[in-house]
Amino acid sequence: MTTLIRGGTVVSPTGRVQADVLIDGERVVALLAPGDTSLGSNLAASARIVIDATDKYVIPGGVDGHTHMEMPFGGTQASDTFETGTRAAAWGGTTTIIDFIVQRKGERVPDTLAAWHHKANGNCAIDYGFHQILGGVDDEALKAMDELVGEGITSFKLFMAYPGVFYSDDGQVLRAMQRAAENGSLIMMHAENGIAIDVLVAQALARGETDPINHGLTRPWETEAEATHRAIMLARLTGAPLYIVHMSAKQAVATLAQARGEGWNVFGETCPQYLYLSLEEQLGAAGFEGAKWVCSTPLRARSEGHQDELWRYLRTGGLSVVSTDHCPFCFKEQKELGIGDFSKIPNGIGGVEHRLDLIYQGVVDGQISLERWVELCSTTPARMFGLYGRKGVIEPGADADIVIYDPNGRTGIGYAKKHHMQMDYSAWEGFEIQGKVDTVLSRGSVIIRDDAYSGRAGHGQYLRRGLSQYLT
Ligand code: URP
Ligand code: ZN
Ligand code: ZN
């Protein structure tokens, strides 16, 4: 049951080599330099499948550490199910997702865990793990954190935003961080000052400013920078490792980069939307169109220079991971909930399918190296979330989650082009990528090849994660 990927360039964060990759069943068994006959002189003859990767890159499958399939949010539910969302991820070369279980005030954490297993089990095309959102930090939830670590859920998301929904006050944040410092888990933070934002939102609505652009105008960069600073200070106070999700403000990342420079275990994630899209061009689109790009943190003004700075921080290490924060809603009937009141537009953008392509375009544009692309999209998220060795690397013993990427191919993104997410529009309409996902393997099975999907719901397995492997 062997598969041989031959003739390609294997890329890792530390370099690129010409090597054939031999897979047996679900695992990688060998990387063979050209001319290496140690395992036989004609492996191709005995392999069940031979894949020619000449002139292509062979990289570890993408690890998207931030998705929300079927998430109940904003008075509705994210439109991708685990089945449709993981299939779309596969099309884009992502072979692992880590999705968020949601616990709200009054709900029991173990019940929410059971509910998310029920949603995902038997439906996923690729492997998946969970983080736990704690929207109601109390004694019982704090105790559950220890139990979840044993279940392979080793990261907990808290919200400094969304008062009355998921919001934790500073005391709750502090207590959860103290628990994380004890049990070794990672605190993920939605860092926006939600109390201040809610005042700005109410004032804007009172002035009759109801269009989607006001979503961004009422969440200015100061609200992200302030919360980021506070989260870092609380993490320092408690000794908990901290991972700040979906960062979009250059000032917030500057604060984070400074703390990283001082040697603290604080990390930042950004998403393709913050690198490419803006408040002026997308969120500020005429009429209600901008609702397509309402997400939090918000898209920021290009005139303020956030996008270029985020790319710079990706190059220099201020930011460690690119995830999608895939949280799709259809325009019809979902985004439309906010007609006449921008604060009722469900927050989220769909992009699980496009992350590898969009960040590869950064390689083409000279923003990051090929190696850094692999590091940001696969290897570091695997290490950050306790999956490395099995995911995020091509080496003997690792799961054979592999993407063959064609730098000479082209990918047109758009609703009528490449688009497999369960949404009635694309937030990435018109983007053209100078590269293409050619072939995707998940645990040794070919799931994308020749522009066709050959995976199946239920192939994807639950990943019991270890503690972060990225801490100093
Ligand atoms: O707008 C966003 N980011 N929606 C998803 C939920 C979250 O805060 O990550
Ligand atoms: Zn968030
Ligand atoms: Zn999110």
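**Sheets, zinc site and enclosed space in a predicted model**

V266 lies in strand 16 (residues 266–270). Helices (H or I, at least four residues) and strands (E, at least two) are DSSP runs, numbered from the N terminus. The model is predicted: local features need pLDDT of at least 70, side-chain atom pairs count only at pLDDT 80 or more, and totals for chains, interfaces and linings use all residues. Residues are numbered from 1 along each chain as its sequence is written, chains are lettered from A and ligands numbered from 1 in the order in which they are written, and side-chain values use heavy atoms, with hydrogens and water left out.

V266 has a relative accessible area of 1% and is buried. Here buried means under 20% relative accessible area, exposed over 50%, and partly exposed in between (1.4 Å probe, protein chains only). Leaving out residues up to four places away in sequence, V266 touches I232, L242, L256, A259 and R260. Contact means heavy atoms within 4.5 Å. S248 is 18 residues from V266 in sequence. In space, 16 Å lie between V266 and S248, C-alpha to C-alpha.

Two strands pair if DSSP finds at least two bridges between them. Strand 8 runs parallel to strand 11 and is joined to it by 4 bridges. Within this pair, G62 has T94 of strand 11 as its bridge partner. Further in the order, strand 11 (residues 94–104) pairs with strand 12 (residues 127–135) in the parallel sense, over 9 bridges. There, V102 has I133 of strand 12 as its bridge partner.

Axes are lines fitted to C-alpha atoms, for helices over the stretch in contact, and angles run from 0 to 180 degrees between N-to-C directions.

The zinc ion (ligand 2) has K157 (NZ), H190 (ND1) and H246 (NE2) as its protein donors, lying 2.1 Å from it. Donors are N, O and S atoms within 2.8 Å of the metal (3.2 Å for Na, K and Ca); water is not among the atoms, so sites may look incomplete. Along the chain, the donors follow the spacing K-x32-H-x55-H. K157 and H246 link distant parts of the chain, 89 residues apart. K157 sits in strand 13, whereas H246 sits in the loop between strand 15 and helix 9 (250–261). K157 counts as buried, at 2% relative accessibility. H246 is also buried, with a relative accessible area of 1%. The zinc ion (ligand 2) and the zinc ion (ligand 3) are separated by 4.1 Å.

A cavity is a set of points where a 1.4 Å probe fits but cannot get out. A pocket is an open set with protein on both sides within 12 Å along at least five of seven lines. Lining residues have an atom within 4 Å of a point. Grid points are joined across faces, edges and corners, and a volume is the space filled by probe spheres set on the points.

The largest pocket holds about 400 Å³ of space. Its lining has 18 residues, of which Y162, D198, R219, S343 and N347 lie nearest the centre. Helix 6 (residues 194–206) supplies the largest share of this lining, 4 residues. Across the whole structure, 2 cavities of 30 Å³ or more are found. The largest cavity holds about 100 Å³. It is lined by 13 residues, with H68, F73, Y162, S296 and D325 nearest its centre.

A further open sheet has 4 strands, in the order 5-4-1-6, with mixed pairing. Strand 5 (27–32) and strand 6 (49–52) stand at its edges. The twist averages 20 degrees from one strand to the next. Strand 1 (residues 2–6) and strand 4 (residues 20–24) pair in the antiparallel sense over 4 bridges. I5 stands opposite V21 in strand 4.

Helix 13 (residues 355–364) has 9 of its 10 residues buried, so it is largely enclosed by the rest of the structure. Just after helix 13, G366 takes a positive phi of about 80 degrees.

Terms used: 1 Å grid on protein atoms, 1.4 Å probe; cavity = no way out; pocket = protein on both sides within 12 Å on 5 of 7 lines; lining within 4 Å.
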